[in-house]
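Q: I am new to reading protein models, and I would like to learn how to go from a single residue to strands and helices. Could we take it one feature at a time?

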Amino acid sequence: MAEGPTILVIGPRWVGDMVMAQCLFAALKEKHPHAAIDVLAPAWAAPLVKRMPEIRSQIDFPLMPGALEFRSRRRFGRLLRGRYDMAYVLPGSWKSALIPFFARIPHRVGNLREMRYGLLTDIVPLPEALKRRTARAYFGLARGGTFRSPRLTVDKANQADLLARFGLAGQKFVALMPGAEFGPAKRWPSDHYAGLARDMMAKGLAVALLGSKNDADVTGEIAALAPGAIDLAGKTRLEDAIDLIAAAKLAVSNDSGLMHVAAAVGTPIVAVYGSTSPENTPPLSERSELIWLHLSCSPCHKKVCPLGHLNCLKTLDVARVAAAADRLLKVPTAA
């Protein structure tokens, strides 16, 4: 078998962005079928990267988010010398391009962003229209290939164990993902989620609330307002969330990382948007409903509503989201 290039990808630091990065990985594998692709990313990303068949291995990124740590990047880059033929830098910061530079990787690809002349050998133009369209921007770095939606593999054995452990085995259930790491301007209110949970349970569906330990306060509020909802926030690993979402009949989410996970495992998804736009970061799935009020103040792309009212989400009523959920639940799924 002919050997392909060894490729290092400097990965993003958000779950959703890492899922969307698979658009680039798939394109690189199409262009270089025998390539060995490694991803340099935070340790939390390892379970996610393992679900991507294009990736050989993940290298833990040893630095804190936002920190320059110039000497550490130089030292780490030197440890990688001689291992890679090409590097693709997905984050737009100047510092994110330092490790491939110090590793002396001959071909270093990325968008210009923070004036990275010299650090990159191949600067790919980024049209204004794509600056917030993350999946398309990542795919563009490949300079060719076919754009494919992300697809994550599912561990069926782990899935069965989880369903049994949490009392979901044999049940039809809806996964609600009410968190958003970016900030409250992306979170549909807890009482709205609770209203949706009650609606779903009244229709004979179980409801599972998924999220990290950082979402536990929000899911706790929802569970208190919707007795019977199963609160799993902080009780599952990232790989567990992938497998549970894959087993759900439907997922409902804010614009978040788990929204992209749902799309990547083929679960129908209702995505609720507030401060961001579905035109930029939609779930890459044909089985989706995108709910957005198109207010004049939205999208603002702020973590907290700059006007103090959060009307883009507070005035988005439960009935509208429930109707979207019903439409997706009525569509037969492939066997």
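A: Let us begin with one residue of this predicted model: Ser275 is placed in the loop between β11 and β12 (288-291).

Q: Is Ser275 buried or exposed?

A: A residue counts as buried when its relative accessible area is under 20%. Ser275 has a relative accessible area of 2%, so it is buried.

Q: Which residues is Ser275 in contact with, leaving aside its neighbours within four places in sequence?

A: With those neighbours set aside, Ser275 is in contact with Ala185 and Lys186, and also with Pro299, Cys300, His301, Lys302 and Cys312.

Q: Next I would like to read a sheet; what is the order of the strands in the open sheet of six strands?

A: The general idea is that strands of a sheet pair through backbone hydrogen bonds, either parallel or antiparallel. In this open sheet the six strands follow the order β3-β2-β1-β4-β5-β6, and the pairing is parallel. The edge strands, each of which pairs on one side only, are β3 (55-60) and β6 (122-123).

Q: How many bridges join β4 to β5?

A: Strand β4 (residues 86-89) and strand β5 (residues 107-110) run parallel and are joined by four bridges.

Q: Which strands does helix α2 lie across?

A: Helix α2 (residues 22-31) lies across β1 (6-10), β2 (36-41), β3 and β4, and it runs at about 160 degrees to β2.

Q: How should I read the two faces of a strand, and which residues of β7 lie on each side?

A: In a regular strand the side chains alternate between the two faces of the sheet. In β7, Phe173, Ala175 and Met177 are on one side, while Val174 and Leu176 are on the other, and both faces are covered, with all of these residues buried. Strand β7 is joined by four bridges to strand β8 (residues 206-209), the two running parallel, and the partner of Phe173 in β8 is Ala206.

Q: What should I look for when two helices pack, and at what angle do α7 and α10 pack?

A: Two packed helices are described by the angle between their axes and the distance between the axes. Helix α7 (residues 156-165) packs with α10 at an angle of about 80 degrees, and their axes are 9 Å apart. Because angles of 65 to 115 degrees count as roughly perpendicular, α7 is described as roughly perpendicular to α10. The residues of this contact of α7 with α10 divide into five nonpolar, two polar and three charged.

Q: Which residues of α10 meet α11, and at what angle do the helices pack?

A: The angle between α10 and α11 is about 55 degrees, with their axes 9 Å apart, which makes α10 oblique to α11. The crossing of these two helices is right-handed. From α10, Ala241, Ile242 and Ile245 meet Leu258, Val261 and Ala262 in α11, and this contact has six nonpolar residues, with no polar and no charged ones.

Q: Why is helix α11 described as largely enclosed by the rest of the structure?

A: Helix α11 (residues 257-264) has eight residues, and eight of the eight are buried, so the helix is largely enclosed by the rest of the structure. Its buried residues pack against α1 (15-20), β7 (173-177), α10 (238-247), β10 (250-254) and β11 (269-272). Just after α11 comes Gly266, which takes a positive phi of about 85 degrees.

Note on methods:
Residues are numbered from 1 along each chain as its sequence is written. This is a predicted model: local features need pLDDT of at least 70, side-chain atom pairs count only at pLDDT 80 or more; totals for chains, interfaces and linings use all residues. Side-chain values use heavy atoms; hydrogens and water are left out. Two strands pair if DSSP finds at least two bridges between them. Contact means heavy atoms within 4.5 Å. Axes are lines fitted to C-alpha atoms, for helices over the stretch in contact, and angles run from 0 to 180 degrees between N-to-C directions. Buried means under 20% relative accessible area, exposed over 50%, partly exposed in between (1.4 Å probe, protein chains only). Angles under 35 degrees count as roughly parallel, over 145 as roughly antiparallel, 65 to 115 as roughly perpendicular and the rest as oblique. Ala, Val, Leu, Ile, Met, Phe, Trp, Tyr, Cys and Pro count as nonpolar, Asp, Glu, Lys and Arg as charged, and the others, Gly among them, as polar. A crossing is left-handed if the near helix is turned anticlockwise from the far one by less than a right angle, and right-handed if clockwise.
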